[in-house]
Number of protein chains: 2
Amino acid sequence: MRTEVCEMFGIEFPLLAFSHCRDVVAAVTNAGGMGVLGAVAYSPERLEEELRWIDRQVGGRPYGVDVLVPAKLDLKNGDKSGESGGGLAAMLAAVPEEHWNFLRDLFARYQVPLPDFEAARRSKAKGVGEQVTEKGATDLIEVALSHPIRLIASALGTPPPRMVEAAKSAGVPVAALVGTVEHARRQVAAGVDLIVAQGTEAGGHTGEISTMVLVPEVVDAVAPVPVLAAGGIATGRQMAAAMALGASGVWCGSVWLTTEEAETPPHVKEKMLAATSRDTIRSRSRTGKPARQLRSAWTDAWEGPDSPGPLGMPTQMVLAEGAMRQINKVAESGHPGARELANYFVGQCVGLMNTVRPARQVVYDMMQEFAEALERLNALSSE
Amino acid sequence: MRTEVCEMFGIEFPLLAFSHCRDVVAAVTNAGGMGVLGAVAYSPERLEEELRWIDRQVGGRPYGVDVLVPAKLDLKNGDKSGESGGGLAAMLAAVPEEHWNFLRDLFARYQVPLPDFEAARRSKAKGVGEQVTEKGATDLIEVALSHPIRLIASALGTPPPRMVEAAKSAGVPVAALVGTVEHARRQVAAGVDLIVAQGTEAGGHTGEISTMVLVPEVVDAVAPVPVLAAGGIATGRQMAAAMALGASGVWCGSVWLTTEEAETPPHVKEKMLAATSRDTIRSRSRTGKPARQLRSAWTDAWEGPDSPGPLGMPTQMVLAEGAMRQINKVAESGHPGARELANYFVGQCVGLMNTVRPARQVVYDMMQEFAEALERLNALSSE
């Protein structure tokens, strides 16, 4: 195919695959699309290791790295931890007693032993919250740029000028995810080379405008900057639809979560395979910002009448990640309460994700479905 | 074009236009699509008049009628008015004092004189709530079937067996709007000939699944029954996208509201032309069921912390219609408070509706945009 995005990266099929799993990234790149590794959960040391592995797998074919750089942290309750980079302990210290009580009650109700937050509180360890601070993101970007990456993406907010400058001087294009036209314009003004217009049906952090409406709006607003469509896309006919809307390609995240390679915990994968498109909810309960995820006992509790309300980012993220790590550990052995609580970020297209396939096969299926959709469209239109 | 829907109705362009305005219905039919008159606000006598007018305009070309038949009325507070067909007075009598007080305060805050609900309460008049009872809908269907209509559509719930039988024996296909796969299956089981899969971005009554996800799901679930895509669609490239998803055509409602012919009050039309895709909200404040509409002081108040919460359908509908009629009357003269309150049902594609065009021109523009989108898609894909 020949779109701006194919030319930008030298790929044949303009499908970008966002995944936290290096195997998915390499498989999609090797199948003719382009994998983008979500680095938010990694320390700089771990990221270095993952990228070395990918470099060996892809033999010079293009891949990218995604970091989470919030334009503004929602620090509440006097929490300065995110700014100061005081580590996990400082972030946990900022959690109000009311929230600890809520969590204690929730775990008791589902008969899951509470994780040892106290130990973490006393420790000097760095947590997942660390990487969403500007300092944390900058460290990750430095590691990423020391590898032959072809794209740096920013999943939240306008990338800091230092990130854009560093990428530009390394000759690496910068992409940014947006949920509104205004954000898209702001990103382009900040020097971003590629816009990912992400509809409300997407998994993870997402706005309120649907892909069907957002993509043509953003395409018109930022032309000639190329736009990838994201949100709800898991098949080749949806990819054809996105490109009919004016997109130069698509950005898919959810569809990889049920692939053979995915690191998704088996009990969560099972939930996803069984879920319909109605089984997701946009909730602040995992990161502090609205993010679409599987509806579960966890989201029901945080969105319910007895909830103290989620904290801001990154504090809620630290709290939820700690809780969810424990939930997943306990759920592995089949614990029913933990299985009810378990969830993960996923888009409404979870209703279309009903089989486990290798990531490579997902790419090939999308290629074929895309061709069939176009053929059908041409047949309908020919008089 | 040659889709199942083109063949079903003998039309050249599979664009169905839902409108309460007879001029739009006739214009779209005469331009090569098919108009569908929304009959919910009409008495049987008024509907008879409207259809006679349309018959004269379209010279035998196809058009349809849409009625609102809720599968189940949300009667609350002991309200039996909707079931008993006790008329407007009985419905108003079912409104709790708390809601009258809320409305009184709201109107006072925006300095709009309260409408004379008391007179309506004492009168024997029939109101808009009347047509959404099964009896009311049946009367409308009887009038509709005495005209050469080519489609009866049901906007809510499974059509009653009597409606399906009456339409079938008159040789008129029945369409139904759905927001989930389960509803689509139920409609097909009830004998419906054409499914309109309507995404959450649509104006009016709508579910939570986006068009991008819902359409392929429904297409697969009900094949070989043809599916129209609805929700967020206002341009030809969106129509091409919908058909890439597997739809046999599209159903558009919002886009006609800013046409030259539309009966939309001028101050509401202005709001729509200025609105972005972020300026809508899915709220129960106008009908008692979740319906997408312009965000305004009206929705802010009903969704706000001091709201008693909307009533069920049809009681909330009767209350809101009475209030909105007064708001629109007062707003006409430029009253700022009334203008803040005024709103109307519209989808997120309101962000794409920025010019006033004749309805005919909207059809022609969509034809051209569709052709261009397909051409672009073919050019991208040719190696």
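**Contacts between chain A and chain B**

Modeller: In this predicted model, B:Asp220 and A:Arg237 meet through their side chains in a salt bridge, at 2.6 Å from N to O.

Biologist: Which elements hold A:Arg237 and B:Asp220?

Modeller: A:Arg237 lies in helix α12 of chain A and B:Asp220 in helix α11 (residues 211–222) of chain B, so this pair joins two chains.

Biologist: Which residue of chain A meets B:Arg278 in a salt bridge?

Modeller: That residue is A:Glu182, and the side chains meet at 3.1 Å, N to O. B:Arg278 lies in the loop between α13 (266–274) and β10 (280–283) of chain B, while A:Glu182 belongs to helix α10 (residues 181–189) of chain A, so this pair also joins two chains.

Biologist: And what is the relative accessible area of B:Arg278 and of A:Glu182?

Modeller: For B:Arg278 the value is 40%, which makes the residue partly exposed. A:Glu182 is partly exposed as well, at 29%.

Biologist: Let us turn to the interface as a whole. How many residues does the contact take from chain A and from chain B?

Modeller: The contact takes 46 residues from chain A and 46 residues from chain B. Of the interface residues of chain A, 100% are also interface residues in chain B, so the copies meet through the same surface.

Biologist: What area do chain A and chain B bury between them?

Modeller: The size of an interface is often given as the accessible area lost when the parts come together. Here chain A and chain B bury about 4100 Å² between them, with 56% of it on carbon and sulfur atoms.

Biologist: Which residues of chain A lose the most area to chain B?

Modeller: They are A:Met212, A:Arg237 and A:Leu380, which together account for 17% of what that side buries.

Biologist: How many residue pairs are in polar contact across the interface?

Modeller: There are 19 residue pairs in polar contact across the interface of chain A and chain B.

Biologist: Which elements of chain A give two or more residues to the side that touches chain B?

Modeller: Those elements are α11 (211–222), α12 (236–244) and α17 (359–381) of chain A. The largest share, nine residues, comes from α17(A).

Biologist: How do the residues of that side divide into nonpolar, polar and charged?

Modeller: On the side of chain A that touches chain B, 22 residues are nonpolar, 14 are polar and 10 are charged.

Biologist: Finally, with which residue does A:Arg357 form a salt bridge?

Modeller: A:Arg357 forms a salt bridge with A:Asp365, the closest N and O atoms being 2.7 Å apart. Elsewhere, salt bridges that share partners join A:Arg22, A:Arg46 and A:Glu50 into one network.

Definitions and conventions
Residues are numbered from 1 along each chain as its sequence is written. Chains are lettered from A and ligands numbered from 1 in the order in which they are written. This is a predicted model: local features need pLDDT of at least 70, side-chain atom pairs count only at pLDDT 80 or more; totals for chains, interfaces and linings use all residues. Side-chain values use heavy atoms; hydrogens and water are left out. Contact means heavy atoms within 4.5 Å. Buried area is the accessible area (1.4 Å probe) that two parts lose on being put together, summed over both. A salt bridge is a side-chain nitrogen of Lys or Arg within 4 Å of a carboxyl oxygen of Asp or Glu. A polar contact is a pair of N or O atoms within 3.5 Å; within protein, one must be able to donate a hydrogen and the other to accept it, and residues adjacent in sequence count only if both atoms are side-chain atoms. Helices (H or I, at least four residues) and strands (E, at least two) are DSSP runs, numbered from the N terminus. Ala, Val, Leu, Ile, Met, Phe, Trp, Tyr, Cys and Pro count as nonpolar, Asp, Glu, Lys and Arg as charged, and the others, Gly among them, as polar. Buried means under 20% relative accessible area, exposed over 50%, partly exposed in between (1.4 Å probe, protein chains only).
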